[in-house]
Amino acid sequence: MAPLIVGQGTLYHRDVLSSHWPMKAAQASLMQDGELPLIDPYRSAGQPLVGNLNAVPLYPDNLLYLSASPLWALNAHFWIHLLLAPWAVFWLARCWGLSRQAAWAAGLCYATSGFFFSLFNLYNLIAGAALVPAFIAASLCLARQPQRRWVWLAVAGLWALLILAGDPLFALLGGLMAWTAVLAGGHSAAPNRGDEGPAEASARRANTGWRRTVAVSWPLGLAVLAGTLLAAPQWVEFLRILPLSFRGYWQYSPQAALSQSWDPRTALEWFLPFVFGAPDLAFWGKSFFGGNPPLLYSLYPGLLCWLLVAASGRPKGSAGWWPWWLVGGGLFLASGIHNPLLVALYQIPGAAVLRYPVKMWLLVAVGGALLCGIGYQNLDERHAAGGRRRALWAAAALASILGLAWIALIILPQGLETWLRHLDAQRLAEPVFGWELAKWRGTCLVSVIELALLAAALWWMRRRPSLGGSLLLTIHVALQIFFLSILFDADDSEHYVTPPALLERIPEQARIVHGGFHELFGPTIGAPLDLFPDPRVFWLSRAHFAELHPFSGIPWGRRYGFNNSPEGLDSFYSVSMVLAMPRMQDAARVNLLRASGIDILLLPRPLEGVGEDRAQLLATYPSAGHRLHVYELMETLPEVLLTHRVHFAPHMDAALDVLTDNSFDAQSMVVLPALDPTATAPATALSDLATPAVGEVEILDNSTEGLHATVRAHGDSVLVTRRAYLPIYRASVDGEDVGLRVANAHRLAIDVPDGEHEIRLWVDRRAFHASLGVAGATALALLLFLWLGRRRSDGLGETA
């Protein structure tokens with residue numbers, strides 16, 4: 001983590017730069033100007049910011065953006081939570097009754113797992129993964145000692161942080177795990193130790209039933225309620241934007257929601273990291289991950305984990321079985337599209353909101369970490385002989401299998417080579433097959449050596465338990481870093497903080513679209529592998545930065561259109577336009593951009609079939625395997641347009657037909673929804689529309705969240721803006737509230753009557769301010785609760 005900590009490097013894989021960095025850079029810029037707007041003006045003409053969980057807008061470490069470099073603060077979010085993760089699991093394991101050494105072993109196994117390292121490109125998941133074990137631990141403490149008021153604050157605070165951390169599914173899984181852990185009795189007994197006497201067993205059986213369930217559940221429920229109120233600003237804004245977001249209004253199909261599922265065939269990767277390809281430009285295993293790169297690049301736990309799970313032995317009691325329930329339940333739920341029951345459940349309306357079942361692997365990771373801790377404890381106790389024997393047998397079995405695999409890959413019989421090449425005949429061509437074959441051989445050999453070293457450390461634990469245990473964990477951590485380092489590989493941050501040369505050609509107030517982003521102008525041909533020194537992804541990231549992709553231009557104050565974030569919480573109308581464009585021809589795409597107020601088009605190829613009266617070529621720049629073309633779009637929708645040349649469309653496809661027609665004039669016409677969208681509207685020719693567009697508009701203020709203007713309209717008109725239509729906007733004409741219109745399929749408009757009027761458009765912050773009040777009142781109530789508890793404790797101490 002050193003390059004990230006000192007600011008010399010930055011993470012670069014997938015979402016961390018392409019999605020999270022532009023959102024955090026925009027938020028940092030606004031916060032440094034003293035604002036926390038509810039919308040992000042740099043993304044697709046203004047999309048939700050505070051309500052977008054993927055932006056993680058209210059998590060406490062956002063304060064770093066006020067004083068530090070935004071790129072450093074972005075990376076700090078990852079390494080801070082990496083350093084927190086082992087301590088969170090340590091606390092959980094200690095609450096589960098494990099020794100300090102065993103608890104630390106569990107923490108290291110969790111924090112250095114392929115699951116956790118894979119989160120180093122997912123800003124909105126890593127904090128939840130680090131905090132969930134701590135929340136379970138705090139819940140166990142609360143169930144055991146509800147009189148300790150600080151524990152109430154810990155549970156409430158951690159639950160609030162889970163809500164703010166960016167992924168509601170992780171928060172729900174954390175809540176479920178905490179409740180079931182409390183019911184399983186993990187707070188009162190150490191599992192798998194074989195030292196439970198008849199009296200303890202009798203007491204445990206008596207302490208069951210619905211009374212116990214209620215007794216241990218209500219404190220947890222109250223603390224979770226308090227934490228929910230603490231996080232009210234986040235979920236209130238989320239619920240405000242959800243109904244008209246793409247995810248909430250249109251929703252994903254079950255197939256799309258299940259696309260990132262754990263394929264049982266990939267279980268081989270549990271033993272051989274990246275056996276289906278590393279996360280680089282030569283990745284070949286998409287067919288094993290639903291046709292896409294996997295959300296979690298690796299689920300490799302490390303060979304030590306298998307030895308410790310073998311040493312954990314047969315579980316005893318509900319507390320002993322609980323980690324196994326997590327592992328089994330996680331595998332069942334993560335299998336997603338490969339699980340017929342889950343496929344059936346995802347046909348239920350609304351179920352597809354819970355996207356990507358592979359995220360359920362959190363259950364497996366937490367349960368597996370506890371099993372590792374239990375196994376380590378069995379190596380270090382009076383029952384160590386049995387645990388050590390099972391671990392050594394597991395090491396011998398794995399070494400034999402991996403050794404045979406290494407020999408087979410060295411000899412490489414013709415049949416084996418043919419079978420390997422046909423795993424993906426197109427992608428596993430030369431030179432990729434040669435690279436992968438060398439990786440497979442090397443991984444098998446190094447794994448056998450690792451198992452030999454682990455077996456030696458296990459033998460050493462017989463005489464020197466502490467030294468042998470330390471050696472065991474050191475070998476594990478070192479090999480995990482060796483195998484999985486590409487997951488947190490850093491590129492030199494200097495490449496991303498130096499303005500690209502292209503920036504000089506783009507006016508600061510221009511609205512930009514990059515045609516290669518989201519494949520808006522059709523599929524892009526990737527840069528050939530031989531263009532770069534090696535297949536690491538940062539070479540492509542550098543090329544995209546030079547081409548002024550959104551993650552490159554937004555930190556320098558440039559505003560983009562059609563650059564929706566991938567989680568589906570942007571406006572349904574805006575996302576629909578992004579999905580429609582790849583299906584069009586260039587002429588229609590350019591017409592839609594002009595009707596949306598886009599000024600500059602960046603394209604990795606020349607336009608086809610578009611005249612200079614619509615797009616003029618300004619310059620070309622060399623890039624990775626092609627030349628980038630910079631176009632200025634002509635006669636686009638202005639910042640504010642007053643018109644009464646209106647075409648009414650009964651549905652979105654009809655609106656697109658008008659907007660993409662060459663006869664549509666973006667500077668004098670507007671398309672609005674028909675009053676009755678179910679009716680068949682007459683095919684009004686554009687030439688038959690009223691031609692006068694008489695009127696004047698004077699903009700008095702045009703800020704991130706509002707517009708103030710005076711309008712002199714000659715006849716009933718429509719005021720069209722470049723802003724994206726969002727339901728959190730409000731508008732007034734001469735102080736009287738008026739409704740909002742969807743203009744040009746995804747822009748925002750207001751009806752203006754004849755005459756001179758004062759127009760105001762603003763984001764309604766009343767619900768946000770009320771939620772801040774609720775959060776503040778809850779925080780004060782919790783502090784008062786803690787203070788009164790301390791006063792009571794001090795009084796009892798004086799009496800004693």
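A charge is taken to sit over a ring if NZ of Lys or CZ of Arg is within 6 Å of the ring centre and within 35 degrees of the ring normal. By this criterion the charged end of R559 sits over the ring of Y42, 5.3 Å from its centre, and R149 lies over the face of F785, at 4.4 Å from the ring centre. The model is a predicted one, in which local features need pLDDT of at least 70 and side-chain atom pairs count only at pLDDT 80 or more, whereas totals for chains, interfaces and linings use all residues. Residues are numbered from 1 along each chain as its sequence is written, and side-chain values use heavy atoms, with hydrogens and water left out.

Aromatic pairs were assigned to rings of Phe, Tyr and Trp (its six-membered ring) with centres within 6.5 Å, planes under 30 degrees apart counting as stacked, over 60 as edge-to-face and the rest as tilted. The structure holds 39 such pairs. In one of them, the rings of Y12 and F538 have their centres 5.5 Å apart and their planes at 90°, so the pair is edge-to-face. This pair links distant parts of the chain, 526 residues apart, with Y12 in the loop between β1 (9–11) and α2 (15–32) and F538 in helix α24 (residues 538–546); here helices (H or I, at least four residues) and strands (E, at least two) are DSSP runs, numbered from the N terminus. With buried defined as under 20% relative accessible area, exposed as over 50% and partly exposed as in between (1.4 Å probe, protein chains only), Y12 counts as buried at 1%, and F538 counts as buried at 5%.

The rings of W250 and F572, in turn, have their centres 5.8 Å apart and their planes at 20°, so this pair is stacked. It likewise links distant parts of the chain, with W250 in helix α13 (residues 246–250) and F572 in helix α26 (residues 572–580), 322 residues apart. W250 is exposed, with a relative accessible area of 57%, whereas F572 counts as buried at 10% relative accessibility. Both W250 and F572 belong to one aromatic cluster, formed by F246, Y249, W250, Y252, F572, Y573 and Y725.

H746 is placed in the loop between β18 (741–743) and β19 (747–752) and, at 2% relative accessibility, counts as buried. V720, in strand β15 (residues 717–724), is buried at 0% relative accessibility. V720 and L642 are 78 residues apart in sequence and 6.4 Å apart in space, C-alpha to C-alpha. In helix α28 (residues 652–659), the buried residues are A654, A655, L656, V658 and L659, and their cover includes α26, α27 (586–595), β11 (646–649) and β12 (670–673).

Helix packing is illustrated by α5 (residues 100–111) and α18 (residues 361–379), whose axes come within 8 Å and cross at roughly 145°; axes are lines fitted to C-alpha atoms, for helices over the stretch in contact, and angles run from 0 to 180 degrees between N-to-C directions. Residues of α5, including Q101, A105 and Y110, meet residues of α18, including L362, A369 and Q377.

Technical notes. Contact = heavy atoms within 4.5 Å.
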